[in-house]
Amino acid sequence: MKSSPYITAEGMFRLNKELSERWSRRREVVQALAAAAAEGDRSENAEYIYRKKELRELDRRIRYLQKRIPDLKVVDLKPDDESSIFFAAWVTLETEEGQEVKYRIVGPDEIDHEKGNISVDSPLARALLGKTIDDEVVIQVEQGRKQYYVLAIRY
């Protein structure tokens, strides 16, 4: 399944910043690679081998970002109905065990479990979309069924 093309303004800023930083890092790696190549035998030159690998990884990520960024659609407006859950909403949920959890529904390029960012393509986010406070949300996971109650929504 192809991932959603949506991203928050903050997420787009971070991706553009990452791309810029990777280009800067690439220039440094190319210089270091040239210096390592000038040292002679490349087959046993650890610095040369390491820099080649680093350059490949940088180029792979740069290509991905250059291809992905133009396809993204920045969603930076609040919805007309802020009482329902839509993209970019912060949602406070209560689990079956009575524990409170907070998530923000973001694009797949912004997933960060430590910050509570979940992809709009995830089963939980898809189940939450359009719900309002006091709604019950049930999703099916490998371990069985999970049930949540919507406690709060903010943008």
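## Helix H2 and its packing

The buried residues of H2 pack against helix H1 (9–37), where contact means heavy atoms within 4.5 Å and buried means under 20% relative accessible area, with a 1.4 Å probe and protein chains only. This is a predicted model, in which local features need pLDDT of at least 70 and side-chain atom pairs count only at pLDDT 80 or more, while totals for chains, interfaces and linings use all residues. Residues are numbered from 1 along each chain as its sequence is written, and side-chain values use heavy atoms, with hydrogens and water left out.

Among the buried residues of H2 are Tyr48, Leu55, Leu58, Ile62 and Arg68. Helix H2 (residues 46–68), a DSSP run of H or I with at least four residues, reaches 33 Å from its first C-alpha to its last, close to the 33 Å expected at 1.5 Å a residue, the expected span being 1.5 Å times one less than the number of residues.

## Asparagine 45

Asparagine 45, in the loop between H1 and H2, counts as buried because its relative accessibility is 8%. A side-chain oxygen of asparagine 45 lies 3.1 Å from the backbone nitrogen of glutamate 47, capping the N-terminal end of H2. A polar atom of the asparagine 45 side chain also lies 2.8 Å from the backbone oxygen of alanine 36.

## The sheet

Five strands form an open sheet of mixed pairing, in the order S5-S4-S3-S7-S6; strands are DSSP runs of E with at least two residues, and two strands pair if DSSP finds at least two bridges between them. Strand S3 (residues 90–95) pairs with strand S7 (residues 144–154) in the antiparallel sense over six bridges, and tryptophan 90 stands opposite arginine 154 in S7.

Definitions and conventions
Buried < 20%, exposed > 50% of the residue type's maximum accessible area, 1.4 Å probe, protein only. Polar contact = N/O pair within 3.5 Å; in protein donor to acceptor, adjacent residues only side chain to side chain.
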